[in-house]
Protein chains: 4
Amino acid sequence: MTLHDPAFADRAVLIVHGPDQPGIVRAIADLITRNKGNIVSLDQYSSDYAGGDFFQRVVFHRADLVTAMHDLRADIAATVEPFGMTWQLRDQSVPKRMAILASKSDHCLLDLLWRHRRGDLPVTIPMVIANHTDTAEDVRSFGVPFFHVESQVGPDKSQSEAEILKLLAGNVDFVVLARYMQILSGDFLEKVGVPVINIHHSFLPAFIGANPYRKAKERGVKLIGATAHYATSDLDEGPIIEQDVVRVTHVDTAEDLQRRGADVERAVLSRAVLWHAQDRVIRHGNHTIVF
Amino acid sequence: MTLHDPAFADRAVLIVHGPDQPGIVRAIADLITRNKGNIVSLDQYSSDYAGGDFFQRVVFHRADLVTAMHDLRADIAATVEPFGMTWQLRDQSVPKRMAILASKSDHCLLDLLWRHRRGDLPVTIPMVIANHTDTAEDVRSFGVPFFHVESQVGPDKSQSEAEILKLLAGNVDFVVLARYMQILSGDFLEKVGVPVINIHHSFLPAFIGANPYRKAKERGVKLIGATAHYATSDLDEGPIIEQDVVRVTHVDTAEDLQRRGADVERAVLSRAVLWHAQDRVIRHGNHTIVF
Amino acid sequence: MTLHDPAFADRAVLIVHGPDQPGIVRAIADLITRNKGNIVSLDQYSSDYAGGDFFQRVVFHRADLVTAMHDLRADIAATVEPFGMTWQLRDQSVPKRMAILASKSDHCLLDLLWRHRRGDLPVTIPMVIANHTDTAEDVRSFGVPFFHVESQVGPDKSQSEAEILKLLAGNVDFVVLARYMQILSGDFLEKVGVPVINIHHSFLPAFIGANPYRKAKERGVKLIGATAHYATSDLDEGPIIEQDVVRVTHVDTAEDLQRRGADVERAVLSRAVLWHAQDRVIRHGNHTIVF
Amino acid sequence: MTLHDPAFADRAVLIVHGPDQPGIVRAIADLITRNKGNIVSLDQYSSDYAGGDFFQRVVFHRADLVTAMHDLRADIAATVEPFGMTWQLRDQSVPKRMAILASKSDHCLLDLLWRHRRGDLPVTIPMVIANHTDTAEDVRSFGVPFFHVESQVGPDKSQSEAEILKLLAGNVDFVVLARYMQILSGDFLEKVGVPVINIHHSFLPAFIGANPYRKAKERGVKLIGATAHYATSDLDEGPIIEQDVVRVTHVDTAEDLQRRGADVERAVLSRAVLWHAQDRVIRHGNHTIVF
């Protein structure tokens with residue numbers, strides 16, 4: 001059963017984007033007013049008001065939202081589609097369902113579980129899937145189901161991926177790779193059908209690929225970082241949601257970088273997950289708009 | 001003669017704020033559409049959609065803006081004043097006129113002059129007024145008039161302040177205190193009639209008053225900072241526009257703190273000035289909304 | 001039984017401080033060489049080589065350290081005490097014993113327990129003492145004893161403090177107040193006889209006292225922070241070990257500040273605890289030297 | 001005539017590095033004591049006390065230093081060379097002579113000149129060489145000679161480089177490329193015979209090569225940065241001295257990134273130059289030790 005958060009009762013979040021053109025802001029404002037909505041917050045961005053791309057996120061309160069959803073959707077479609085806009089409407093009181101994929105390391109995984117328990121992440125967590133069992137007991141202590149799927153079952157990874165897909169199918173709204181140390185195939189990313197957020201342990205595009213902390217030590221950088229991005233079939237090339245760095249010195253060993261980087265990784269990932277859960281992130285080509 | 005910046009030709013910025021209530025967003029969107037404006041950017045914030053305060057900054061393009069200004073103003077007043085809103089409309093191609101008050105130290109002063117020369121500050125600088133002559137030659141090398149007004153001419157500061165007021169009167173849209181080491185009277189702040197931005201050399205409200213770097217050294221803090229705020233008759237208590245900090249250690253002497261703080265001061269002040277010049281800062285009681 | 005960490009086997013850390021004077025560096029280097037030590041790392045600081053204060057932290061490797069400790073101590077005393085220096089020698093393979101005092105909130109507490117389990121904090125944790133029972137199960141899941149001591153048992157807090165002192169006596173090398181929401185008396189701090197580290201939820205000296213996030217919201221600051229310091233009988237006035245800040249905006253409510261501040265608090269506290277555990281922090285009057 | 005800074009009178013800085021081995025710290029401490037030096041500050045780092053590399057920077061006061069220099073050098077050589085160590089001794093009161101190479105953009109150049117005039121950089125600036133004349137007047141207003149050398153005089157750059165080398169020869173201790181937009185040949189870097197510090201407008205190793213801000217915009221990063229490094233014949237691959245970043249958003253255009261990056265560039269370069277001037281930076285292979 002899906003949980004409903006009373007704090008967000010009767011609040012909807014509407015995302016609209018498409019080619020910018022005169023009148024679109026007024027059309028959306030009209031739409032909300034005539035549907036008895038009160039605007040709670042509104043963010044918009046246009047890459048160029050003349051011929052650019054337009055993005056708007058508006059949160060509005062509408063008494064008896066659940067009953068109104070059907071008519072709202074119809075009116076939104078009739079209003080913004082003639083402008084060539086795509087749109088998405090969500091009831092904010094329905095938390096998104098987030099699956100976490102993990103391996104051995106626990107820092108990103110536990111941080112998400114702990115923030116969720118604290119009430120700081122508006123999601124439900126129907127499952128954690130890991131290719132190692134190290135974190136099983138911790139995960140279950142948070143009341144979250146833990147499924148073990150080995151990284152390779154048959155001759156290649158396809159059987160493992162199929163097993164993961166079967167677990168996820170219909171059960172989740174997005175997937176978080178919390179330092180999941182397997183490369184997911186393009187086929188998997190296509191079939192999963194929901195956004196997949198990955199945390200990369202470097203400030204991309206620096207140190208693409210494996211062992212970024214070792215590479216950072218070898219290059220002698222003075223800052224190390226982490227990057228949360230949507231996973232795409234181009235490894236480490238997906239749209240960046242959030243990045244941060246921390247200062248290091250010649251004294252830090254590669255192990256120190258890894259340990260200090262872990263703090264940046266979990267901070268960056270938790271912000272990216274929060275923003276995604278709040279519908280603050282809009283993908284646009286290889287970029288993100290973060291409201 | 002006022003300069004007109006062609007990059008911003010036919011662009012207006014409208015600020016509206018007042019008690020939040022249903023329909024205000026639509027009313028403003030309608031207003032801009034019926035006045036043939038195209039929205040370039042729109043930011044809004046509401047402290048609470050039910051009974052809170054509403055703030056909107058909208059930049060729009062309107063062909064032949066200068067001609068339309070008069071009618072625009074009338075229509076804005078007729079539209080938003082019934083909502084109990086206050087408003088302000090500016091032609092973005094007309095840079096604000098900024099006076100700088102300085103003393104001996106040059107770091108904030110020269111940084112503003114240099115950013116202006118580079119084209120990074122959309123202002124004109126009709127004058128620098130200082131109570132010391134140390135910076136006169138530098139100021140004039142930027143083509144900016146320099147006026148020397150001693151901090152005290154007669155028995156108290158009132159005559160000096162009167163002289164400064166006379167220089168400013170009618171000539172400037174805002175005043176920047178670029179490490180001006182005199183306390184301006186409440187009377188001055190009232191008479192000057194334009195916003196006054198000050199840079200305080202600490203992360204307020206820590207180390208209020210004189211000698212913040214010495215106090216910071218004595219307290220053994222690990223971060224020092226600077227704060228740009230609107231000057232009010234309550235010293236160091238005005239609405240904060242921007243703050244930043246830099247990390248220090250036990251090795252740093254009070255002089256080191258002062259030298260390193262100078263970099264934070266000029267960075268913080270330049271951001272506050274830029275945002276004020278772009279009408280991004282709205283004062284609200286003792287707070288600021290920075291879009 | 002005290003744990004011994006093989007990674008630090010045969011490593012000693014020596015702290016020396018006192019009035020700076022010629023020859024002290026050579027005397028310590030001589031001392032280590034004649035005791036068959038190899039210097040692993042050396043940090044020193046002098047507030048003024050002529051008449052200032054001298055601080056040195058030197059880590060050295062000495063085969064069969066345990067056997068040599070007694071003679072080492074005698075030689076150190078004979079060497080540095082004639083210079084008027086105080087000193088401290090520790091076997092780095094013996095982790096310090098850390099007690100944690102907590103209340104209801106879990107973020108600092110769990111972060112320390114988790115870092116410890118990961119092997120990132122060179123301490124043992126013989127106990128957590130809390131005046132609420134909310135975190136008992138979590139604490140015990142880390143294999144750490146949890147003791148509940150109500151904040152007030154009799155007519156005042158003295159009986160509670162006595163109970164805490166009895167639990168700590170002889171069992172711990174330092175105490176961490178992980179958002180412990182009770183003010184400890186000067187009497188307690190005197191009797192406890194070991195360093196006490198507190199985390200204050202503001203960038204001291206701003207917002208001293210209760211409810212710093214509410215005060216920060218009221219003042220409209222653009223940065224909020226946290227401060228780890230040694231607790232003294234002057235509330236919020238003890239020597240600062242570490243501070244950090246995070247950027248906030250007008251959009252953040254007091255609750256948002258509190259939630260975002262929690263991340264800064266746990267990060268700042270964990271760094272302070274790590275450095276204290278590694279003997280990197282030297283108290284000097286109301287200041288700290290952090291190597 | 002070389003300037004002598006009285007604040008650093010009778011202070012020497014000694015850098016020693018080589019294979020770590022027992023007794024080296026004592027040997028250096030002995031050396032300084034027997035030469036009547038008082039240690040002002042001492043920093044050291046060893047990559048591994050058993051078989052690693054050892055680095056020490058020690059500043060000491062020695063009355064009548066100038067007279068003692070000759071004997072000091074002889075004693076240092078006799079003391080540390082048997083350990084296989086290389087060393088360098090400098091009289092801190094003799095500022096290093098810094099040449100600046102520039103092109104059209106003024107932000108890094110003017111920032112260095114201004115910091116120097118303020119007394120914040122312990123260097124002399126015998127010349128600025130530029131391949132454009134845009135900054136000539138500004139440079140000369142600081143009392144610094146300006147030489148114009150076109151980027152290409154004959155069929156290739158060799159004649160230009162020869163002209164620059166002739167101006168520099170014997171006159172400078174290091175060279176700073178303050179956004180000098182020409183690639184210097186390996187031949188030039190070899191012949192110049194002094195360290196060359198470059199500022200790269202990205203957080204290396206990300207966005208190597210030309211147009212990093214455009215590439216950053218295309219990649220959609222959330223942080224942009226700058227890197228100061230020693231120039232080597234491998235473009236953008238030299239040892240990194242300092243790096244920093246600033247947060248950007250989807251709203252920032254490539255021009256905004258460039259403008260905001262300029263602030264990071266000048267801050268990073270000024271720190272790298274200061275540390276180099278103070279002999280705080282030791283090159284070691286492709287890394288730097290920054291004390």
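**Exercise 1. Work out how helices α3(D) and α8(D) are oriented to each other.**

*Solution.* Step 1: two packed helices are described by the angle between their axes and the distance between the axes. In chain D, helix α3 (residues 107-118) and helix α8 (residues 254-277) pack at an angle of about 45°, with their axes 9 Å apart. Helices (H or I, at least four residues) and strands (E, at least two) are DSSP runs, numbered from the N terminus. Axes are lines fitted to C-alpha atoms, for helices over the stretch in contact, and angles run from 0 to 180 degrees between N-to-C directions.

Step 1: compare the angle with the classes. Angles under 35 degrees count as roughly parallel, over 145 as roughly antiparallel, 65 to 115 as roughly perpendicular and the rest as oblique. Therefore α3(D) and α8(D) are oblique to each other.

Step 2: find the residues that touch, where contact means heavy atoms within 4.5 Å. From α3(D) come D:His107, D:Cys108, D:Asp111, D:Leu112 and D:Arg115. From α8(D) come D:Ala262, D:Glu265, D:Arg266, D:Leu269, D:Ser270 and D:Val273. By class, the residues of this contact are five nonpolar, two polar and four charged (Ala, Val, Leu, Ile, Met, Phe, Trp, Tyr, Cys and Pro count as nonpolar, Asp, Glu, Lys and Arg as charged, and the others, Gly among them, as polar).

A word on the model before you go on: it is predicted, so local features need pLDDT of at least 70 and side-chain atom pairs count only at pLDDT 80 or more, while totals for chains, interfaces and linings use all residues. Residues are numbered from 1 along each chain as its sequence is written, chains are lettered from A and ligands numbered from 1 in the order in which they are written, and side-chain values use heavy atoms, with hydrogens and water left out.

**Exercise 2. Describe how α1(D) and α2(D) cross.**

*Solution.* Step 1: in chain D, the axes of helix α1 (residues 24-34) and helix α2 (residues 65-80) come within 10 Å and cross at roughly 160°. That makes α1(D) roughly antiparallel to α2(D).

Step 1: α1(D) passes α2(D) in a right-handed crossing.

Step 2: on the α1(D) side you will find D:Ala27, D:Ile28, D:Leu31 and D:Arg34, which meet D:Asp75, D:Ile76, D:Thr79 and D:Val80 in α2(D). This contact has five nonpolar, one polar and two charged residues.

**Exercise 3. Relate chain A to chain D, and describe where they meet.**

*Solution.* Step 1: two copies of a chain are related by a rotation about an axis and a shift along it. Chain A is superposed on chain D by a rotation of 180° with 0.0 Å of shift along the axis, and the RMSD is 0.0 Å. That is the relation of a two-fold axis. Copies are superposed by least squares on the C-alpha atoms of residues with pLDDT of at least 70 in both.

Step 1: find the axis. A:Ala206 is the residue of chain A that comes closest to the rotation axis, with its C-alpha at 2.2 Å.

Step 2: look at the interface. Here 32 residues of chain A are in contact with 32 residues of chain D. The copies meet through the same surface, because 100% of the interface residues of chain A are also interface residues in chain D.

Step 3: the area buried between chain A and chain D is about 2600 Å², and carbon and sulfur atoms give 54% of it. Buried area is the accessible area (1.4 Å probe) that two parts lose on being put together, summed over both. A:Arg219, A:Lys222 and A:His250 supply 28% of the area that chain A buries against chain D, more than any other three residues.

**Exercise 4. Describe the interface of chain D with chain C.**

*Solution.* Step 1: 16 residues of chain D are in contact with 16 residues of chain C.

Step 1: about 1600 Å² is buried between chain D and chain C, with 61% from carbon and sulfur atoms.

**Exercise 5. Locate a cis peptide bond in chain D.**

*Solution.* Step 1: most residues other than glycine have a negative phi, and most peptide bonds are trans. The bond that joins D:Leu204 and D:Pro205 is cis, with omega about 5°.

Step 1: D:Pro205 is found in the loop between β9 (196-200) and α7 (212-219) of chain D.

Methods:
Left-handed = near helix turned anticlockwise from the far one by under 90°.
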